[in-house]
Each structure stands twice: as structure tokens, then as C-alpha cells.
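Welcome, and please get your viewer ready. We will go from one selection to the next and look at what each one shows.

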Amino acid sequence: MEKMFLEFLNRSITAGWLILAVMLVRVLFRRAPKWVTGCLWILVAVRLVMPFSVESVYSLIPRAETVPYEILYSKTPAIDTGVEVLDLLVNHSLESSVPNPGDSVNPLQIVAALSSFVWFAGMTVLLISAAVSYILLKRKVRTAVRLRENIRQSEHITAPFVLGIFRPTVYLPFSVEDADAEYIIAHEKTHI
């Protein structure tokens with residue numbers, strides 16, 4: 001489980017570099033069309049989902065694997081971010097994790113095991129929470145009346161939203177005025 005945790009950690013670190021780059025580009029090109037900003041954030045989403053990394057000399061991301069799996073078994077643990085100042089700071093703090101020759105386990109192995117357990121427990125809680133929320137919301141709108149196409153109205157909701165992944169449906173409260181409905185529907189369809 002530690003190996004999977006470290007893979008997700010490395011993926012998150014590279015996505016963090018990409019997020020910093022996107023934020024910098026947004027500041028530099030404030031007058032660019034909004035769709036450009038959306039495309040930049042799509043790059044971040046793809047990076048978070050993509051199960052592999054591409055390294056290049058021209059890459060914005062200094063290293064694809066900042067925290068190697070071998071660090072858990074190394075006599076002198078160190079990371080390589082590609083940014084020397086950051087490496088010095090982190091590696092200096094890792095010096096306290098150097099295993100003693102008589103120890104039965106490397107301190108970083110314990111930290112990685114605990115971190116992966118906390119990460120897995122958090123993921124489990126979030127998935128269960130999302131599933132329960134989805135089921136409760138689905139129950140709440142089961143009496144919704146079809147307005148047209150994939151648009152439904154319900155008396156049990158207070159705000160419009162989209163629900164569903166494979167067959168997304170726009171839900172509107174009955175309190176929405178007819179004059180505003182088309183704008184709200186257009187907004188919700190942009191989410192789809």
C-alpha cells in the first residue's frame with residue numbers, strides 16, 4: 001500500500017507544480033479569453049488522473065518522481081525535486097530519519113505505512129460520504145416532474161443543479177421563475 005501511496009503522492013506533487021504554472025500563466029495573461037483558463041485547468045485534471053508521467057528536457061515539471069519508493073529502504077534518504085533550495089530544506093529534515101544500524105526498521109517505513117493508512121482511510125470515508133450523499137439526493141428528487149429532455153423540476157430542492165454522470169439531468173426547483181429558467185438551464189448545461 002505504501003508504493004501506491006507514494007505514486008499518488010508523486011502525482012500530486014507534479015500536479016502541484018502544474019497548478020503553480022497555471023496560476024502564474026493566469027496572472028500573466030489576465031486578459032486572455034476564459035476558455036483558455038478552462039483549458040489550463042483541464043491540463044491539471046488530466047495530470048491528476050493520468051497513471052504515468054512524461055519527463056522531458058523542456059518540461060515545466062522538474063521531476064516526475066520526487067519521492068522514490070527506494071527512499072523507504074535507503075541508508076541516506078533524500079528526495080530530488082529538481083529545485084535545489086527545496087531539496088536542501090527537505091533533505092536536511094530527512095537526516096533525522098536516517099536509520100541506526102541496530103534498528104529493525106527504517107523510520108521512514110513507519111511514517112510511510114502510517115501515512116498510507118491515513119490516506120486510505122480518508123479516501124474510504126470520502127467515497128462512502130459521496131455515495132451516501134448521492135443516494136440521499138437521488139431519493140429527494142425521485143418525484144421530480146419532467147419538464148423537457150433531461151430537465152426536471154422538484155418541490156423538494158431549493159437550488160438548481162446537475163445530477164448524474166452517464167445520463168446527467170438538470171434539476172430545477174418549482175420556485176424558479178419562467179423568465180429566469182432559460183438562463184439557469186443554459187448555465188447548468190454548461191456544467192454538463
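**Aromatic pairs**

Counting ring pairs whose centres lie within 6.5 Å gives 3 aromatic pairs in this predicted model.

Start by selecting Phe161 and Tyr171 and showing their side chains. Their ring centres are 5.4 Å apart and their planes meet at 25°; planes under 30 degrees apart count as stacked, so this pair is stacked.

Phe161 belongs to strand 3 (residues 161-163), while Tyr171 belongs to strand 4 (residues 169-173). The pair therefore ties together parts that are 10 residues apart in sequence.

Are these two residues buried or exposed? Buried means under 20% relative accessible area. Phe161 has 17% relative accessibility, so Phe161 counts as buried. Tyr171 is buried too, because its relative accessible area is 4%.

**A ring cluster and a charge**

Next, select Phe5, Phe8 and Trp119, which ring pairs link into a cluster.

**A loop with a positive phi**

For the last stop, move to the loop between strand 1 (145-148) and strand 2 (151-154), where you will find Glu149. What is the phi of Glu149? The angle is positive, about 35°, although Glu149 is not a glycine. Most residues other than glycine have a negative phi.

How values were computed:
Residues numbered from 1 in each chain as written. Predicted model: local features only at pLDDT ≥ 70, side-chain atom pairs only at ≥ 80, totals over all residues. Heavy atoms only, no water. Helix = DSSP H or I, 4+ residues; strand = E, 2+ residues; numbered from the N terminus. Phe/Tyr/Trp six-rings, centres within 6.5 Å; stacked < 30°, edge-to-face > 60°. Buried < 20%, exposed > 50% of the residue type's maximum accessible area, 1.4 Å probe, protein only.
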